[in-house]
Amino acid sequence: MTAESELRPAVVVVGGSRGIGKAIADVAARDGVAVVLVARSPDDLAAAADDILTAGGEVFTVALDLLTDDAAVQIESFLSANGLFCDVLVNSAGYGLRGSATLLPVGDQVGIVDLNIRALTDLTLRFLPGMVARGRGGVINLGSVASFTPGPYMALYYASKGFVRSFSEALHQELQRTGVTVTCVAPGPVSTEFLERSGANRAALFKVLPKVDSHYVAERAWRGFKSGRRLVIPGISAKLAIVVTSLLPSAILLPLIGRLQRRSNDPCPCGSGKKYKACHGVRRGSAERVVSKRG
Ligand SMILES: NC(=O)c1ccc[n+]([C@@H]2O[C@H](COP(=O)([O-])OP(=O)(O)OC[C@H]3O[C@@H](n4cnc5c(N)ncnc54)[C@H](OP(=O)(O)O)[C@@H]3O)[C@@H](O)[C@H]2O)c1
């Protein structure tokens, strides 16, 4: 094993094989620092690593499911075996599910807690003490505009992002004057596979809200982190969405989000097995009508 003084700094991006994580890895690699990409799919990792190598960067890949018990230990072992230490941790692995919490598979929903909360917390708490001892580096945690409100029909996802923002902002404060920064990035919808995989892109809310590019988010995340920001909200539409959620009372906001995230063709949460519209006698939702008129 290499002595601590001989280790080189690395940016460790979990969820770095595609989407926002890959875009942050590209930006970090351009800064001339070694990047370690962690995700499950070896093919996606290889493709992401190729892009960094082609651009002249230095990259390592770790094919790993973060839901395995010793995932953080495996990452630590990989780093020390390759003469690296985690200077910056980017927690970008995460997923969400749209649908009624009473009908979506329990295991898949608890998986959101395991990945978006438990794995992120485990990695953050394991790597922070070393950063504080060195007086440098930090953590970028991917939150969301969803962290500012409960989200009916994506209940677990919004709740998990609420945790991420609260945890990250508290750590940012605790680490003042240590040389270490924890930055929470809270984008609105970003054009990545997340929207399709989570089913979010079938909801009126995600059709109405403008989407930003993952590279736009990555540039702002990296720049915000480097300047020690507690919270980065990339783009005007995300900032506006947060202002609106903070101004509306919950009695108005939660039914509104529920209506915009539920589809009338979804199964009804009552468990009757009927579609929502059949159970409640609703016509096709006005939110869906507005969206289809816009094409
Ligand atoms: N896209 C949006 O609209 C949006 C908006 C706000 C916030 N966010 C947040 O930003 C983060 C990144 O989202 P994204 O849009 O980039 O998603 P994405 O395109 O689906 O990418 C997710 C990344 O996480 C990895 N991953 C997923 N499950 C994993 C596991 N069990 N173990 C290891 N790696 C895993 C994926 O690779 P493998 O599948 O190969 O493992 C992939 O690299 C998430 O936390 C998301 O909640 C996204």
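Partly exposed describes a residue whose relative accessible area lies between the buried class, under 20%, and the exposed class, over 50%. The coordinates belong to a predicted model. In it, 16 salt bridges are counted.

Select arginine 118 and aspartate 122 to begin. Their side chains form a salt bridge, with an N to O distance of 3.9 Å. Both residues belong to helix α4 and are 4 residues apart, about one turn of the helix. Arginine 118 has a relative accessibility of 31% and is therefore partly exposed; aspartate 122, at 21%, is likewise partly exposed.

Next, select arginine 126 and glutamate 76. A salt bridge connects these two residues, and their closest N and O atoms are 3.7 Å apart. This pair links distant parts of the chain: arginine 126 is in helix α4 (residues 106–134), whereas glutamate 76 is in helix α3 (residues 71–81), 50 residues apart. Arginine 126 is partly exposed at 35% relative accessible area, and glutamate 76 is partly exposed at 28%.

Now move to helix α6 (residues 193–198) and select arginine 197 with glutamate 193. Which distance, N to O, separates the side chains in this salt bridge? The value is 2.8 Å. The two residues are 4 residues apart in the helix, about one helical turn. Arginine 197 counts as exposed, at 52% relative accessibility, while glutamate 193 counts as partly exposed, at 41%.

Key
Residues numbered from 1 in each chain as written. Predicted model: local features only at pLDDT ≥ 70, side-chain atom pairs only at ≥ 80, totals over all residues. Heavy atoms only, no water. Salt bridge = Lys/Arg side-chain N within 4 Å of Asp/Glu carboxyl O. Buried < 20%, exposed > 50% of the residue type's maximum accessible area, 1.4 Å probe, protein only.
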